Amino acid sequence: MKNIYLDYAATSPVKKEVLKAMMPYFSQEFGNASSIHKFGRDAKKAIEESRRSIAKFLNCKPEEIIFTSGGTESDNLAIRGLIEEIYYTYKNFKPHIITSAFEHHAVIDVCRDLEKKGLVEVTYLKPSIKGVINVKSVSDAIRKNTVLISMMYVNNEIGTVQPIKEIGKLVQKLKAKGKKLYFHTDAVQAIEYFDGDVKKLGVDMMSLSAHKFGGPKGIGALFVKKGVKLHHQNIGGAQEHNLRGGTYNTSGIVGMAKAIELLSYQPSAISHQLAKLRDYFIDRILKEIPDTRLNGDAKLRSPNNINISFKYIEGEAILLHLDMAGIAASSGSACTSGSLEPSHVLLSLGLKHEDAHGSIRFTIGEVTTKKDIDYTIKTLKKIVKRLREMSPFS
Ligand SMILES: *Cc1c(COP(=O)(O)O)cnc(C)c1O
């Protein structure tokens, strides 16, 4: 039985160097980093070293890194934290947020929630049919009361790369003219393959999650530029500048830093190798399986992402058959699979419901081989043929 994992955007295995770095902090070095004795100080030292190492990678100051439980919490802290701070500081002011219609739920649901509570106005920008946000549409959406632009770096379903640097430039220009405006990016899917330098990107806040790039689950970070004030989201401890109380996840933090260090040594050859495999996969599917389409731009795309619509059949049915053949992929994002609603990402591109339903996301990793891809294509051809023969639509 084959065992082929093509769902790296859902999560990735912990790298062996990361696991090794983490091990001591479960048992020998178990101290609570907030304790003043030696056990505590040792844990604290490991955390602060990790913070410095992550800061170096992002080109920011260590005190600008806030550790969280992952991407979802970082997104919540950034958006809700900023809006609540503004709400409590300025009465009688209703701020405006600009985001995209195809953000991860951790961003879009927070925006919807704040909107429902009457705290903000939100503009959800539509991407192009190819899954890219136009900088001019961002610029056109800016209002007098716009305080936050939250735009993802790489889309988690279709892998398209957004013009973060260009939006950063726009924000800098407006700031220079005296506008109070903040720029947040969810970089959870980006950091492994794209520039993570917060200064070059011009962002004020950036969300990261370790388990998407070879680190452990349940640990993440939010870069918060000095001077950006957020309202605390977790009280009951003074950790992380009183923003996020709770005993430090020492092993997780050490693991995240190790995974980031490994990224900084990662040769760009890996990215090229993945992109080549990705294009091989895409070309063969589009050529050899009729009535298929690639979702998202073919070039402005993460090297690990292949998202394909198969006309006349349900994505869930394809997934089940792939799983039986030992191939793990996903439809939509892991967080929404299981629901029968079509993906909000694909709908935002303007895809019809039936096309959005028949879509599969394959995300490859460093260990994925051409042989894995060949087997997957061979299997897919059989599955699609069989399902279409049974489909009343084809
Ligand atoms: C996975 C993911 C998240 C959520 O991160 P967790 O650490 O799993 O909470 C947020 N945004 C994007 C783009 C993601 O891919």
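I started with the shell around the ligand: helix α3 (residues 71–89) gives the most to it, with 3 residues. Helices here are DSSP runs (H or I, at least four residues), numbered from the N terminus. I'm working on a predicted model, where local features need pLDDT of at least 70, side-chain atom pairs count only at pLDDT 80 or more, and totals for chains, interfaces and linings use all residues. Residues are numbered from 1 along each chain as its sequence is written, and side-chain values use heavy atoms, with hydrogens and water left out.

Next, I listed the neighbours. There are 13 residues around the ligand, and Thr 72, Asp 186, Gln 189, Ser 209 and Lys 212 come nearest; a residue is near if one of its heavy atoms lies within 4 Å. By class I noted 8 polar, 3 charged and 2 nonpolar residues. In this scheme Asp, Glu, Lys and Arg are charged, Ala, Val, Leu, Ile, Met, Phe, Trp, Tyr, Cys and Pro nonpolar, and the others, Gly among them, polar.

Then I looked up polar contacts (pairs of N or O atoms within 3.5 Å). A ligand oxygen lies 2.6 Å from a polar side-chain atom of Thr 72, and a ligand nitrogen is 2.6 Å from a side-chain N or O atom of Asp 186. For His 211, a polar side-chain atom is 2.9 Å from a ligand oxygen. On its own the ligand has 390 Å² of accessible area (Shrake-Rupley method, 1.4 Å probe), and the protein covers 87% of that.

Last entry: I found Phe 26 in the loop between α1 (16–22) and α2 (38–58).

Note on methods: A polar contact is a pair of N or O atoms within 3.5 Å; within protein, one must be able to donate a hydrogen and the other to accept it, and residues adjacent in sequence count only if both atoms are side-chain atoms. Helices (H or I, at least four residues) and strands (E, at least two) are DSSP runs, numbered from the N terminus.
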